[in-house]
Amino acid sequence: METFNNSKPVLVLLLLPCLLLYSLISFNSSSVEAAMHTNNWAVLVCTSRFWFNYRHMANTLSLYRTVKRLGIPDERIILMLADDMACNTRNKYPAQVFNNENHRLNLYGDNVEVDYRGYEVTVENFLRVLTGRHETAVPRSKRLLSDEGSHILLYMTGHGGDEFLKFQDSEELQSHDLADAVKQMKEKHRFKELLIMVDTCQAATLFNQLQSPGVLAIGSSMKGENSYSHHLDSDVGVSVVDRFTYYTLAFFERLNIYDNASLSSLFSSYNPSWLMSTAYYRKDLYKRNLEEVPVTNFFGSVMETIHTDAAYKALSRRNSGRFEAQMSLDSVHHAERRTLMKVNDQEETHDVNPEGNKQPLQGEEGASKCPWSTFCNKFRKGENVDSLVNYGLVTMIPLLVIPTWLVR
Amino acid sequence: MAETKEKSHSDEKPKPRVRPIVRLGIFLVSHSFLVSVVCFTSGVLALFLLPVLAKNTYISENALMPGSASPMLSNHHVSDGNRLVKDLTNSNLKSSETGIESHKIIAKYMLDVGAEVSFHKFHPQMNQFHPLHFFSSPDSGKIQENCSCSSYGINTVGIIRAPRGDGKEAIVLVTPYNALTSSFGEVLSLGIAYSVFSLLTQVTWLAKDIIWLVVDSQFGEYAAVSAWLREYQTPKFSSHSTLNAEMCPDINYLFEIKVHSMAGSKFSNSFRRAGTMTAALVLKVRDQSEQFDDTVSIYAEASNGQMPNLDLINVVNYLAVHRQGLRVNVEKLWSLLNSGWLKSLGEIFESLATIAKSLNPKFKFGIPATEYVEGIATLASSLYYQALGVPTGPHGAFRDYQVDAITLEISPKFSLDKVWCSDILLRGGRLIEGVIRSVNNLLEKFHQSFFLYLLTSPSKFVSVGVYMIAFALLIAPLPMVAASLYVDANSSKGDSSFLFAITDTDEHGITIRSWRWLNSAKSVFIVHLWGAIVSLLPYFICQIPDCSPTTSFMIWVLLSILSLLILNLVLASPLACVKASQEKEWALVKSVTISSVFIGLGLMSVINFATAEIGALLMVPMCLLARPLKLDVRVGTLRSCCRIICNLVLGHIAFPPAAFFLFKGMLDGFGSANVGDFWMWVESLWAWNSATYLFIGMVQLPCWVLCVSILFHSC
């Protein structure tokens, strides 16, 4: 009896740390899946060379301009252009690229940063960018430094066919290659969500092999269909934009950085009779409801720019990383106008939900409402699972010592 | 396992199984008569079907994008061109003793728009027969010594450097111009070229340099162009040419004037070059016009039936028809247009097509009868000019350096007064500008489209894959008949001389019999050797001074007969039967002849397809039908009578001079035929290094001699 009576608090004492440990571990493991959307990246690829493929470069540059306008900064855009039409000798307007025959908008202005140009645009480099397997000498600006909270827009245009996309008129990216790269990215937690947008002939076939969850894909044409150019600029003497991209741009021209048009409204804006092909989107790998996902999730950025008086005065380089982490928390309090996808931050600042974002809260996130949540957050911010387990084991040692002492 | 057992059983059997391909061969050889009749008729039929099988042309190279840019040539540039036309006509009226003045005017205009200008002085090279110069590249270093200052031509060359180009490539625009007897058409072509040239100095989109070559055509357009090309492609590092220039006061005067009057301008004394030539356009304007529309005629055939890339013709055709509203012509044999039998043949094909269409709506291969006749006329002319192997214009000189080039001849609708002049300047200029802009877009050499093709209309072509079928069918019977004749001669010999065979059935006799064909091969070889000698004879004949074509021809014929007789006496007698026992000798000779003809035609089809095709049409029936007349006379049936008649007719037609006169008569009428014409024709063939000449001398003539010898074989 005595032993039984004694054992009751012992059991409680035993159970408590176990529960604690479990909740911590479970929270952490779930946080891997449901990482918050923290940043946006864009990889924009024009794969074809030669003067008569002017439109592909114009496509890519137009999209570059659009995502930049919608808030993705240059350092988070990897722009790959296989040829330089602006400096082509055949260009009637040297150093300018237009995507419309009215020549109102020069896409190749002063602030275009091309990361991969000319013969650097190869299948190998493209796959290296996606999977992050660079040689050590490759500068940061040429790397896709995304993480598990990244939304990535991958836009590709060029000449394609059944399950392939031509690079540089000499090699091909196959749908297997793409699917494999995306799978590797998933394994390496390089993205949270990925939107692949392809404007080529038979673009839909390029998505056939994709398996990784969180991938949304849209192509300009179905299998057996061609993607056509939109119009010819008789002044420059080439076609300047493709239909699919033209209507995508037309959609985005109506938007500004704060609009919340949904992805489904973008997808439904493609009229097959205008495109002369059927836009195809594959969403079976993508869990969220397209009507509730704003296009700015991919084409815009969650990043808020912090203006400081002096560029380099504020902090030393060593702790800048921590500062960034803090900054992102701070920005939550200051950003009243922005939609934020950080679930926990939403809980802390309940007033911030102006757009009625109905992101479903998952069970584990519900559990995080317990008093431990701030403690958990601390762990989440700073340490990884290993250290957490170590802490748990350390707390186990006194707990093991106490019952043995009590039993004696 | 069971199969292997069966095999082992069958292996034990004494008779080995013959492989199917061998059996098929034996079958074909044994039915060679039927096979050859079927093949030959279907070959001729296939040739006549080519216009029906012709495909529409299409721009194969993506980079070209003809007509995608709107023309920039405006009335301002046209008025520039008009100014030049006016100045040139005035200068011609003033002083026509030398062409110096007009050259100066052209050079001044070129300098005015900011182009680099240089003069190229050349001495025309006389075309001479060089026996070893067939297929060789044009000679480079040969400078004629005894050239006087009076006989030189001056090409004026203007070069626009592409403002942002790398200077590695160039497009050439050629306008022939004879300063002494300049016609208004020539001046107008200069006007068109100048209006384009003045535009191109202003544009920003040039990727290739533009060379405008005003060719001095007083010694012929081709000679001048090829002289310039020779200089361009093979730089001379000696000071010989400059020395030559200094010796002539005229040209010195020209140079001095230029240098003094325009110091600091882009005029240069030395020969100026630009990059590799991508394409060349020769522009002409015809003076008198009999057309109902403004027409552009395209001439494309270069030496030995080489054609420029089909894309170049397509671009010109597309731009002329769809952008400038000009009619495009390619050459036709006009005499064929009115022939009734072609029309009825076209109607037959048309009705067949409608029947086929009624059976299955998917069959769409019929073309209207009139279109068919035009297609045949164009195809025949295409075949004829390719077979001739003589270039149809100065563009041929470019093809010798693997540069794609065509001649465009614009013939305006009305007489050339001022209003129409401007209109032609505008439209012609825009056409040239469009073609240049399209070629400017090109990234590599022309390579995407066909090089081997026959045109059946400006927008329809027959590619090599289709027209080879007709030729293959024509020559397919040759090896079969040769084999069957050989087998026949050997076996029938055994039968007929059965008594002999009994006496010597030893190994020795069989060996001798199986090598008997060597005897016939020797006689065939001798005749071919004679053919080579005959084709060399003109080299010596043309050394004889003051010889009219007729006498030359007569000398040639006499020498040929003489050499044949001498060869006969010295080596052996191919005509006479060697032994009485070999009464089938003619069959063996025929067999070897057919084999050699097959080889000759096959080789020729690689060098110049059209020649081989026409040659096959003449020689194949003659070879196949040849049979000693004596035998046929002895038999005296209807069939042998037909054969005698056919043999006699073919024996006359296939004789090269006879074939030439027949063809000439069909084209021009028989009234003007002259014996010397053949000599002149042959002279032009060797002057242009045409392989057709070799073919006639070394394949067709020996074949004809051998066939005639078979016909008169005494058995």
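A residue is called buried when its relative accessible area is under 20%, exposed when that area is over 50%, and partly exposed in between, with a 1.4 Å probe and protein chains only. The structure described here is a predicted model, in which local features need pLDDT of at least 70 and side-chain atom pairs count only at pLDDT 80 or more, whereas totals for chains, interfaces and linings use all residues. Residues are numbered from 1 along each chain as its sequence is written, chains are lettered from A and ligands numbered from 1 in the order in which they are written, and side-chain values use heavy atoms, with hydrogens and water left out.

Chain B has 715 residues, of which 52% are buried. Its secondary structure comprises 28 helices and 12 strands, where helices (H or I, at least four residues) and strands (E, at least two) are DSSP runs numbered from the N terminus. Among the contacts in chain B with a separation of 6 or more, 85% are between residues 24 or more positions apart, a contact being defined by heavy atoms within 4.5 Å.

At the interface between the two chains, 19 residues of chain B are in contact with 18 residues of chain A. The area buried between chain B and chain A is about 1,400 Å², with carbon and sulfur atoms giving 55% of it; buried area here is the accessible area (1.4 Å probe) that two parts lose on being put together, summed over both. On the side of chain B, the residues that lose the most area to chain A are Ser68(B), Arg164(B) and Leu443(B), which together account for 38% of what that side buries. Across this interface, 12 residue pairs are in polar contact, both residues being at pLDDT 80 or more. A polar contact is a pair of N or O atoms within 3.5 Å, where within protein one must be able to donate a hydrogen and the other to accept it, and residues adjacent in sequence count only if both atoms are side-chain atoms. The side of chain B that touches chain A has nine nonpolar, seven polar and three charged residues, with Ala, Val, Leu, Ile, Met, Phe, Trp, Tyr, Cys and Pro taken as nonpolar, Asp, Glu, Lys and Arg as charged, and the others, Gly among them, as polar. The number of salt bridges between chain B and chain A is zero.

Over all chains, however, 28 salt bridges are counted, each being a side-chain nitrogen of Lys or Arg within 4 Å of a carboxyl oxygen of Asp or Glu. Glu116(B) and Arg272(B) form one of them, with their closest N and O atoms 3.0 Å apart. This pair links distant parts of the chain, as Glu116(B) is in strand E2 (residues 116–122) of chain B and Arg272(B) is in the loop between strand E6 (267–268) and strand E7 (276–285), 156 residues apart. Glu116(B) has a relative accessible area of 13% and is therefore buried, while Arg272(B), at 24%, counts as partly exposed. A further salt bridge joins Asp294(B) to Arg427(B), the closest N and O atoms being 2.8 Å apart. Asp294(B) lies in the loop between E7 and strand E8 (295–299) and Arg427(B) in helix H15 (residues 418–440) of chain B, so the pair ties together parts that are 133 residues apart in sequence. Both partners are buried, Asp294(B) at a relative accessible area of 5% and Arg427(B) at 18%.

Tyr222(B) is in helix H7 (residues 221–233), and Trp688(B), 466 residues apart from it, is in the loop between helix H27 (675–687) and helix H28 (691–711). Tyr222(B) is buried at 18% relative accessible area, whereas Trp688(B), at 22%, is partly exposed.
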